[in-house]
Amino acid sequence: MKPSSRSIVEPFRAMQVVAESGRLTKAGKDIVMMCIGQPGAPAPTPAREAATKAIAAGKIGYTDAAGIGPLRERISQYYQEGYGVSVNKDCVFVTSGASVGFSLAFLGAFDVGDRVVIPNPGYPAYRNILKSLSLEPVEIETNAESDWVISPEMLLAEHQKAPVDGILIANPNNPNGTMMRPEDVERLVKVCKEHSITLISDEIYHGLTYDKREVTALEFDDDLFIINSFSKYFCMTGWRIGWMIVPEHMVETINRLQQNNFICASEISQIAALAAFDGTDEMELVKQGYLSNRKYVIDELKAIGISEIQPIDGAFYAYFNVSGWLNLSGCNDSMQLAHRILHEAGVALTPGIDFDSKRGGDWMRLSFACEESQLIEGFSRLKNWLGDIS
Ligand SMILES: Cc1ncc(COP(=O)(O)O)c(C=O)c1O
């Protein structure tokens with residue numbers, strides 16, 4: 001037997017760094033983890049309490065494919081309260097994380113060979129899920145002139161070269177945390193509508209935004225997909241729970257796809273997610289921590305010679321140019337550099353190659369979703385290491 005050609009996708013190198021860090025830790029080395037996009041804080045107390053109670057009662061089973069009613073209603077209420085947008089609860093689907101939302105949206109909206117625009121740099125799973133579903137990822141390189149986001153003009157230029165069928169944007173984006181301005185989201189939605197391009201908006205880092213106003217694409221139209229999750233703001237990565245909002249005319253399609261592919265999201269996690277909405281005070285404190293970490297990281301990166309950091313409008317990442325460190329260390333690219341920093345300094349960072357196969361060799365991602373004490377230790381090690389190799 002041989003693997004199908006569509007299953008041949010790139011590995012997620014961040015996970016390789018995590019695995020290597022695990023091996024080093026097991027061997028007795030102390031590693032400062034600044035590589036994974038995972039909050040250091042636990043899920044909100046009400047979520048953990050509700051899950052414990054549900055486990056004690058013991059009756060955990062399948063739910064409706066779209067999720068339990070009270071959670072779908074609560075998510076719909078979240079849009080009313082947070083953005084003033086009315087969302088029909090029938091359009092809310094609870095999923096096993098945002099990751100399942102991508103597969104459902106791609107399967108529901110596209111046919112084999114369809115061209116789907118994604119940002120570069122961007123979350124690598126977009127490219128890999130599209131490929132594994134026999135869809136064509138069309139990467140648009142963002143740059144300093146476009147504020148490191150895809151502008152409506154960039155989408156139109158690509159569409160004129162060869163028609164595109166869809167676009168997936170992340171707002172804020174991973175690996176850099178950049179956000180589109182509200183007026184640009186509105187213009188992008190308009191361009192998509194005019195040219196019959198299906199828009200999928202990944203809003204997983206909503207709630208974790210610092211400077212720009214956070215808008216959902218739903219404010220401008222409802223004929224699009226929203227993907228979101230409890231993984232980031234609510235610190236529930238391992239619970240594998242998220243949601244999507246789908247256009248009314250796609251409800252039946254997505255329902256059938258969810259029934260057949262995934263049955264439903266875990267009931268225990270759905271119960272916890274519903275209660276998580278009562279834990280926002282705790283989550284706001286966690287966010288305050290990210291805000292001060294962001295300032296610390298920017299100041300420290302500048303102090304150790306980093307001059308180019310993409311705008312951190314949201315999320316909990318710094319994406320910065322490491323060309324200077326490559327020259328100093330003699331490393332060829334960020335992958336080699338990340339490997340040396342991990343082994344010699346005991347600091348785990350993520351190479352940019354994951355997010356941008358062409359330019360990412362010069363870039364590195366750092367996650368500041370950890371405790372400040374970790375960051376202080378990490379930067380002290382980086383400073384010493386740079387001193388040693390200079
Ligand atoms: C932009 C983006 N979308 C989606 C995901 C996947 O999220 P989930 O844990 O909800 O599947 C991630 C995870 O890091 C991400 O960064």
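Axes are lines fitted to C-alpha atoms, for helices over the stretch in contact, and angles run from 0 to 180 degrees between N-to-C directions. Helices (H or I, at least four residues) and strands (E, at least two) are DSSP runs, numbered from the N terminus. The model is predicted: local features need pLDDT of at least 70, side-chain atom pairs count only at pLDDT 80 or more, and totals for chains, interfaces and linings use all residues. Residues are numbered from 1 along each chain as its sequence is written, and side-chain values use heavy atoms, with hydrogens and water left out.

**Exercise 1.** Describe how helix α1 and helix α12 pack.

Step 1. α1 covers residues 13-26 and α12 covers residues 334-345; their axes are 11 Å apart, at an angle of about 20 degrees.

Step 2. Angles under 35 degrees count as roughly parallel, over 145 as roughly antiparallel, 65 to 115 as roughly perpendicular and the rest as oblique. α1 is therefore roughly parallel to α12.

Step 3. Contact means heavy atoms within 4.5 Å. From α1, Arg 13, Gln 16, Val 17, Glu 20, Ser 21 and Leu 24 meet Met 335, Leu 342 and His 343 of α12.

Step 4. Sorted by class, this contact of α1 with α12 has four nonpolar, three polar and two charged residues (Ala, Val, Leu, Ile, Met, Phe, Trp, Tyr, Cys and Pro count as nonpolar, Asp, Glu, Lys and Arg as charged, and the others, Gly among them, as polar).

**Exercise 2.** Describe how helix α4 and helix α5 cross.

Step 1. The axes of α4 (residues 97-109) and α5 (residues 124-132) come within 10 Å and cross at roughly 40 degrees.

Step 2. α4 and α5 are therefore oblique to each other.

Step 3. On the α4 side the contact is made by Ser 99, Phe 102, Ser 103 and Phe 106, and on the α5 side by Tyr 126, Ile 129 and Leu 130.

Step 4. The residues of the contact of α4 with α5 are five nonpolar, two polar and no charged.

**Exercise 3.** Locate Ala 41 and state whether Ala 41 is buried, partly exposed or exposed.

Step 1. Ala 41 is in the loop between β1 (32-33) and α2 (45-57).

Step 2. Its relative accessible area is 24%, so Ala 41 is partly exposed (buried means under 20%, exposed over 50%, partly exposed in between, with a 1.4 Å probe and protein chains only).

Step 3. Leaving aside neighbours within four places in sequence, Ala 41 is in contact with Cys 235 and Val 286.
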